[in-house]
Amino acid sequence: MSPENPATERWALVTGVTAGIGEAFARRLAAEGRHLVLVARDAARLDEVAAELTGRHGRRVETIPADLSTDDGCARVEGRLTDGDPVDLLVNNAGISLDRSFLRSTVEDEARLLRLNVHAVMRLTLAALGPMTRRGDGAVINVSSVAGFGPVMPGSTYPASKAWVTSFSESVDLSVRPLGVRVMALCPGYTDTGYHERNGIDMSGTPGWMWLRADDVVAEALRDLRKGKQVSVPDWKYKLAVAGLRHAPRRLLRLAYRDRRGQGGPAGG
């Protein structure tokens, strides 16, 4: 049975489900009839989301409180991907950005960003693909970002981490597609999720028309997965932005983007 035909006994595992795009994925997949495995750090909020989805849709919902920036957290989720009811759809949504420029950051914070945005995505994708390829069925959606197509956030390592997610997803998809499995990078633009506020990033200068709804992002992502796309960029304005980022001269990009996290010297300097 292919990923575009969900049935009552199909399972999806979604990380970072307590807000924003991850929560929107969980709601949409439960409404489509999938059972869910929900992953997040906040155990109390995780239980609230699970209870709401079970009550509304009657689906089975498992929860895994886990910090995916740690080896132990990744190992817990890897165990569920390889054991128990088969997971036919993995959504790697958990990720972070930082509210400071690279020069004002710390090794510990930068390492945590890379462990969550890159290392965890790699580990969970690899864990999921083993059972999926043996069954000849399944899909992985790795949530990336339009920011990964260019240096749109000077002083931030977030775009670099998302560039890796997109390239990784495209490459792995080429190897597993002949085996009946798909990997897709989802690259939204600014999405109204509360993410920037939680990470202390000032977005007050961003026009309202640039913001997307999480539910719309998820709906387009699932449509693109059904179409067999390797990269999903929701909304026409961000499709145009990606075309510009891919083809515009780098000197123009340097003029267009400024460091919103400050260009001061190193922390303590």
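Q: What makes the pair Asp224 and Lys229 a salt bridge?
A: In this predicted model, the closest N and O atoms of Asp224 and Lys229 are 3.5 Å apart. A salt bridge asks for a side-chain nitrogen of Lys or Arg within 4 Å of a carboxyl oxygen of Asp or Glu, so a pair at 3.5 Å qualifies.

Q: Are the two partners, Asp224 and Lys229, buried or exposed, or something in between?
A: Asp224 has a relative accessible area of 3%, and because buried means under 20%, Asp224 is called buried. Lys229, at 33% relative accessibility, is partly exposed, because that label covers values between 20% and 50%.

Q: How do you know that Arg28 and Glu32 form a salt bridge, and how accessible are Arg28 and Glu32?
A: Their side chains meet at 3.4 Å, N to O, which is within the 4 Å cut-off, and therefore the name applies. Arg28 has a relative accessible area of 31% and Glu32 one of 28%, so each counts as partly exposed.

Q: What does the salt bridge between Arg60 and Asp85 tie together?
A: The closest N and O atoms of Arg60 and Asp85 are 3.2 Å apart. Arg60 lies in the loop between α2 (43–57) and β3 (61–65), and Asp85 in the loop between α3 (71–82) and β4 (87–92), so the bridge ties together parts that are 25 residues apart in sequence. Arg60, at 43% relative accessibility, is partly exposed, and Asp85, at 29%, is partly exposed as well.

Q: How many salt bridges does the structure hold, and which residues are linked in a network of them?
A: The structure holds 22 salt bridges, and a network of them links Glu23, Arg27, Arg45, Glu48, Arg213, Asp215 and Asp216.

Q: What makes β5 a mostly covered strand, and which way do its residues point?
A: Six of the six residues of β5 are buried. Gly138, Val140 and Asn142 point one way, while Ala139, Ile141 and Val143 point the other way.

Q: How do you know that β5 pairs with β4 and with β6?
A: Pairing needs at least two bridges, and four bridges join β4 to β5, so these parallel strands pair. The chain crosses from β4 through α4 to β5, and this β-α-β crossover is right-handed. With β6 (residues 181–186), β5 pairs in the parallel sense over six bridges. Asn142 takes part on both sides, standing opposite Asn92 and having Ala185 as its bridge partner in β6.

Q: Which residues touch the most other members of the largest nonpolar core?
A: That core has 39 residues, and Phe25, Leu29, Leu36, Leu38, Leu89 and Ile141 touch the most other members. Apart from it lies another core, of 30 residues, among them Leu13, Leu81, Leu90 and Met132.

Note on methods. Residues are numbered from 1 along each chain as its sequence is written. This is a predicted model: local features need pLDDT of at least 70, side-chain atom pairs count only at pLDDT 80 or more; totals for chains, interfaces and linings use all residues. Side-chain values use heavy atoms; hydrogens and water are left out. A nonpolar core is a set of buried Ala, Val, Leu, Ile, Met, Phe, Trp, Tyr and Cys residues joined through side-chain atoms within 4.5 Å. Buried means under 20% relative accessible area, exposed over 50%, partly exposed in between (1.4 Å probe, protein chains only). A crossover is right-handed if, with the strands pointing away from the viewer, the path from the first strand over the helix to the second runs clockwise.
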